[in-house]
Amino acid sequence: MPALFEPPVRCALVDGSSPSREVIVSIRFIAASQLPTPWATFMLHGFQEETTGKEHVVLTLGDVTTEEPVLARVHSECLTGDALFSMRCDCGYQLQEALKRIADEGRGALLYLRQEGRGIGLLNKIRAYALQDEGADTVEANEQLGFNADQRRYDICVPMLEHLGIGSLKLMTNNPRKVEALVQDGVNIRERLAITTGRNPFNEHYLTTKVGKLGHMMQLDDFTPASDVDIERDA
Ligand SMILES: [Zn+2]
């Protein structure tokens, strides 16, 4: 297990939330294994943030170290959508679609970041959902709880991509702020690819808010209805 004794990958970055303070992001590679899924057998790479102990994973397929930009998704954890089949958002559908597309291409990477609920955590997300049940939209709910609309950070991607030898990305996202944040942190994004899937009666308002308030580059008409998405998940 030589990987355990490798020095952590270090990366100095400026934390956007407090510009005067420089934050050292230190991520340690822990282990890699195969991960068979309904679409392909990926390699699963596990990392740990040294300061917080937070665990993140990257799934890769094929040789991602060559010069050709890597088809990629940077996906933030959504337990309710990714694992519990929630139709409140489009996360689970996007996760599945991204893995399918990477499998179709035979090469790619999915960075799975453990920052639940746009960074507010699982229980606060449930609090936000409760406010939404009373009529708030996703942005208002976060703000009523004292959080920014989006608290996610992407600086942790840089050392993981470096470890994996990934030079540049063809990124599947509708979120221009994610592209901007990644580019600011030094990630080379060569192309943005839309990923519009999983629209359903329960997330229509949520998707409309993403377009209106969070500036997502998508039209609701572009979306594949959830009923067209065949749900094939590992049990
Ligand atoms: Zn979600």
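Modeller: Buried means under 20% relative accessible area, exposed means over 50%, and partly exposed lies in between, using a 1.4 Å probe and protein chains only. This is a predicted model: local features need pLDDT of at least 70 and side-chain atom pairs count only at pLDDT 80 or more, while totals for chains, interfaces and linings use all residues. Residues are numbered from 1 along each chain as its sequence is written, and side-chain values use heavy atoms, with hydrogens and water left out.

Colleague: Is Leu 123 buried or exposed?
Modeller: Leu 123 is exposed, because its relative accessible area is 60%. Its place is in helix α4. Helices (H or I, at least four residues) and strands (E, at least two) are DSSP runs, numbered from the N terminus.

Colleague: Which residues make the nonpolar surface patch?
Modeller: Leu 79, Leu 84, Leu 122, Leu 123 and Ile 126 make a patch of about 450 Å². Helix α4, residues 122-133, gives the largest share, three residues. Patches are made of residues with over 30% relative accessible area and no salt bridge; like charges are joined within 9 Å and nonpolar side chains (Val, Leu, Ile, Met, Phe, Trp, Tyr) within 5 Å. Accessible areas come from the Shrake-Rupley method with a 1.4 Å probe, and for residues only the protein chains shown count as cover.

Colleague: Let us turn to strand β5. How many of its residues are buried?
Modeller: Seven of the seven residues of β5 (residues 70-76) are buried. On one side these are Val 70, Ala 72, Val 74 and Ser 76, and on the other Leu 71, Arg 73 and His 75. In a regular strand the side chains alternate between the two faces of the sheet.

Colleague: Which strands are joined to β5?
Modeller: Strand β6 (residues 108-113) runs parallel to β5 and is joined to it by five bridges. Strand β7 (residues 168-172) is also parallel to β5, with three bridges. Two strands pair if DSSP finds at least two bridges between them. His 75 stands opposite Tyr 112 in β6, and Val 70 has Leu 169 in β7 as its bridge partner.

Colleague: And the metal: which residues coordinate the zinc ion?
Modeller: Cys 78, Cys 89 and Cys 91 coordinate the zinc ion through their SG atoms, at 2.2 Å. Cys 78 lies in the loop between β5 and α1 (79-83) and Cys 91 in helix α2 (residues 91-105), so this pair ties together parts that are 13 residues apart in sequence. Donors are N, O and S atoms within 2.8 Å of the metal (3.2 Å for Na, K and Ca); water is not among the atoms, so sites may look incomplete.

Colleague: Why do Cys 78 and Cys 91 count as buried?
Modeller: Cys 78 counts as buried because its relative accessibility is 4%. Cys 91 counts as buried because its value is 13%.

Colleague: A new topic, then: how many salt bridges does the structure hold?
Modeller: The structure holds eight salt bridges. A salt bridge is a side-chain nitrogen of Lys or Arg within 4 Å of a carboxyl oxygen of Asp or Glu. One of them joins Asp 133 and Arg 88, whose closest N and O atoms are 3.0 Å apart. This pair links distant parts of the chain, 45 residues apart: Asp 133 is in helix α4 and Arg 88 in the loop between α1 and α2.

Colleague: Are Asp 133 and Arg 88 exposed or partly exposed?
Modeller: Asp 133 counts as exposed because its relative accessibility is 55%, whereas Arg 88 is partly exposed at 27%.
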